[in-house]
Amino acid sequence: MRHFSEEELIAYQLQENSDAVAISSHLENCRECADVSESIAETLRVFSAEPAPQPDLERNWHRLRANLSVLTPQRRSRFEFLRWNWAWPATGLAAAAIVLLTVFGVYLHRSGEMKRNVAVNGHGPITVEPADPAIASHLEAAERLLTEVNNSSGPLDEGTREQAHSLLLQNAIYVRNARNSGALGEAAILENFGRVLTTLDNEPATEHSTWRLRLEMNTSGLLLDIRILQQNDDRSQGVTQ
Amino acid sequence: MDKTETEAIRDVLAGDRDAYRVLMDRYFSSVTRVAFRITGNEADAEEAAQEAFLRAYNKLSSFRQDSTFSTWIMRIVMNTAINLVERRNRDLSYHASRIDDEPSPTDHTVRVSDKQSGPETMLLNREAASLRRTAMAELTPMERTAFTLRHMEDVPMAEIAAALNVTSNSAKQAVFRAVSKLRRSLTPVAGGLR
């Protein structure tokens, strides 16, 4: 009898599992899985929605209105379509990235069968021991920032640039920690991320700056590396039972 | 998107900033509620909601009306609230008012009043709230956001993923990790891990 993992049972309780009928009938016959499933349901009940405070709409509107500038209508240029001239190179790059991802995925799958450590973009083995539990949060922030960089067509907004500035110092600490703990692959990836952050923090935002950053620093490849680091981190923390 | 919203956006873009009130009346409460779930306190929730509405206003000309305004503003507020939480975590000198069972001016905590509770219920609520707060503090901002929106606000996974700018699978994993961590946090008191 195949038991279901904690992750599958969480998905079942959140109604995110397509195999609900099979799980439901298994739970009727398996005491062990039924206990885990009930414990998950109990957790969800404990964390059910608490009342949220109601904002004062009138006060908030007056506060907001004071900060609103009067917008002036923009005239559409006759040559608007020329702005889309980046679409073809972007499509080409995306196709190349998909091919690379597929090849890389097959490689990872095969190498994963042989050994637990994985190599990322030639940086050498990455440790499966999490050096610092807080790095999960840092990697998440890195993933979100790089996704924004990869998907923005114009200059990045002030909020994203501020975020890059604040991540810069934090990143330097994680690079040092990774180096000290011998995780050289992880250190190399975070160093590359640090270069992206430094560029974002120092260079003025122009119409083509984000596009140039993507080409010069291969932010798509870096995003893939960061996601793999996250997965390694998840695996080492053992989300599943 | 309905006609009233489309007209309000058109009027704002034509220079009538008061037309923005229509959108604010419709969505400010839900936006603040989502921000509250992420930040965990009323003051930060209002600040994040204000910032989100201001950012949406300033970017309104780039808003493509093929998606709804509500989805767009939710995406903005989630990012704003997560950034605010990360900023607060770095700034150790900041202490916003937080919800607690024992309100204390020195700890900057307040209590949301519950007029219908008796002493016994209040005691149980107090213990449960304390337990929840400790467990939630263990989650990363993304895990907390993904979990609260999926479980408490019933937001579909695809919408959470779009708002967080991650893949649907990453959002799902964040929710699963959150539930797993919360379950382990309950182990000592409720036999959470059997």
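Which helix of chain B does Tyr20(B) lie in? Tyr20(B) sits in α2 of chain B; helices here are DSSP runs of H or I with at least four residues, numbered from the N terminus.

Some housekeeping. This is a predicted model, in which local features need pLDDT of at least 70 and side-chain atom pairs count only at pLDDT 80 or more, while totals for chains, interfaces and linings use all residues. Residues are numbered from 1 along each chain as its sequence is written, and chains are lettered from A and ligands numbered from 1 in the order in which they are written.

Back to the tyrosine. Tyr20(B) counts as buried because it has 22 C-beta neighbours inside 10 Å; buried means 20 or more other C-beta atoms within 10 Å of a residue's own, with C-beta atoms placed from the backbone. Beyond its neighbours within four places in sequence, Tyr20(B) is in contact with Val12(B), Tyr57(B) and, from the other chain, Leu68(A). In contact means that the two C-beta atoms, placed from the backbone, lie within 7 Å. Ile9(B) is 11 residues from Tyr20(B) in sequence, and their C-alpha atoms are 7.2 Å apart.

Now the contact between the chains. Chain A puts in 47 residues and chain B 54. On the chain B side, α8(B) gives the most, with 11 residues.

Last, α6(B). This helix has 12 residues and spans 16 Å from first C-alpha to last, close to the 16 Å expected at 1.5 Å a residue, where the expected span is 1.5 Å times one less than the number of residues. α6(B) is largely enclosed by the rest of the structure, because 11 of its 12 residues are buried. Among them are Phe147(B) and Leu149(B). Just after α6(B), Asp154(B) has a positive phi of about 60 degrees.

Notes:
Helices (H or I, at least four residues) and strands (E, at least two) are DSSP runs, numbered from the N terminus.
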